[in-house]
Amino acid sequence: MIKNDLFLKALKGESVSRPPVWMMRQAGRYLPDFMKLKMEYDFFTRCQTPELAAEITVMPIHQIGTDAAILFSDILVIPQAMGIEVQMKPDFGPFVPNPIRNMQMVANIPPTDAKEALKYVYDAIKLTKQMLNDEVPLIGFAGSPWTILCYVVEGRGSKTFDKAKGFCFENPEAAHLLLQKITDVTIDYLKEKVKAGVDAIQVFDSWGGLLSPKDYQEFSMPYINQITKALKDLTPVIVFGKGCWFALEDYAQTGVSALGVDWTLNADVARKLTDNKITLQGNFDPARLLSPIPKIKSMVKEMIDAFGTDRYIANLGHGILPNIPVDHAKAFVDAVKEYEE
Ligand code: CP3
């Protein structure tokens, strides 16, 4: 039994005394202790060493006091497991030396044994669960197949991912085969994560909002829905599509436990689109954590007033930025904990 079960209750739609709170990308980026580990070990070493991944995962629980932990890892471990080389270059981000650009390259991706190739992740989960000692639940995650396609086709981060989009529009058959291969591995991977002990999973569709609603229906949503369908009876599923407000209505029908919303959408619109039935998670503008602390606190209160305390998980509308002062991050969490109607 998990002692602090606010997050799990909110996912089930049960009434809570106050909303649970966690922050996307909370395990890393801004914490000084994390920065120290970052100087010593490169990124994928941190991901692949269960002791390091577990230590980073529990940091925000002890230092900021969030109601859930998210495993320190990355969405790009999936293409790596599929045999696609992915590097993380300091001050540059993800880099794929041989990006996927044609059908032949897609066809050549061998079948992946997610159980074997990503064993280090499941080991990190088991160790993290021991370290958490049932204090708070642990979230596992994966990138959406479309967002993974963005990186492996573009070869690097981008504001527009136009090479990735061009690939889909010029070679839809190859794009769909690639998306399906990623989906199959992701499903096996998430099932193993549940077996290893995660209490919920989140799918990050960070680049879904780059697609038009119609293209989203073709290249992103069907694959996320396959993942939801395969996982929803095993664990609560949260889908976060950055910029994907147009998809909320459809996602609300798919058996997800919660939907993430970013800060470009007001709570009442998000509630209307989901017919007031689904737990929503979000949507504080991460840059707003740069405001003075009293302003952060009043804005958090306004946010909870707007979403309501039930069927709501307080969070940012995207990942925390690296330049957020720790006391500002903590003020955000404290403001949720202090909430009174
Ligand atoms: O809360 C957490 O931080 C848990 C771990 C986590 C990381 N990446 C660690 C990380 C999670 C949940 C992710 C998800 C992720 N990774 C996403 C989806 C969420 C989002 O922010 O949209 C995406 C798109 C990626 C891909 C990725 N990984 C990029 C673009 C970068 C470089 C820029 C950046 O965000 O810092 C990474 C590197 C990365 N992943 C870092 C961390 C802590 C920073 C690099 C480092 O620590 O050396």
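In what order do the seven strands of the open sheet run? The order is β1-β4-β5-β6-β7-β8-β9, and the strands pair in parallel. The model is predicted. The points below treat the sheet, then the ligand and its surroundings, and finally some local features of the chain.

**The sheet**

- The sheet is open and has seven strands, and its edge strands are β1 (69–70) and β9 (312–316), each of which pairs on one side only.
- Strand β4, residues 138–143, runs parallel to strand β5, residues 200–205, and five bridges join the two.
- Within this part of the sheet, G143 stands opposite F204 of β5.

**The ligand and its contacts**

- The shell around the ligand consists of 22 residues, and the closest are R29, R46, D74, S206 and H318.
- For R29, an N or O atom of the side chain lies 2.3 Å from an oxygen atom of the ligand.
- R25 places a polar side-chain atom 2.8 Å from a ligand oxygen atom.
- In the case of Q26, a polar atom of the backbone is 2.9 Å from an oxygen atom of the ligand.
- On its own, the ligand has 830 Å² of accessible area, of which the protein covers 88%.

**The site as a whole**

- The ligand takes up the space of the largest pocket.

**The segment before the helix α1**

- N4 belongs to the segment that precedes α1 (6–12).
- The side chain of N4 has a polar atom 3.2 Å from the backbone nitrogen of L6.
- The side chains of N4 and D67 are also joined, by a polar contact of 2.8 Å.

**Backbone geometry**

- Which residues does a cis peptide bond join? They are G282 and N283, with an omega of about -10 degrees.
- N283 is part of strand β8, which comprises residues 279–284.
- F161 is not a glycine, yet its phi is positive, at about 50 degrees.
- The position of F161 is in the loop between α9 (145–154) and α10 (162–170).

Terms used:
Residues numbered from 1 in each chain as written. Predicted model: local features only at pLDDT ≥ 70, side-chain atom pairs only at ≥ 80, totals over all residues. Heavy atoms only, no water. Near = heavy atom within 4 Å. Polar contact = N/O pair within 3.5 Å; in protein donor to acceptor, adjacent residues only side chain to side chain. Areas by Shrake-Rupley, 256 points an atom, 1.4 Å probe, with all protein chains shown as cover. 1 Å grid on protein atoms, 1.4 Å probe; cavity = no way out; pocket = protein on both sides within 12 Å on 5 of 7 lines; lining within 4 Å. Sits in = over half its atoms within 2 Å of the grid points. Pairing = 2+ DSSP bridges. Helix = DSSP H or I, 4+ residues; strand = E, 2+ residues; numbered from the N terminus.
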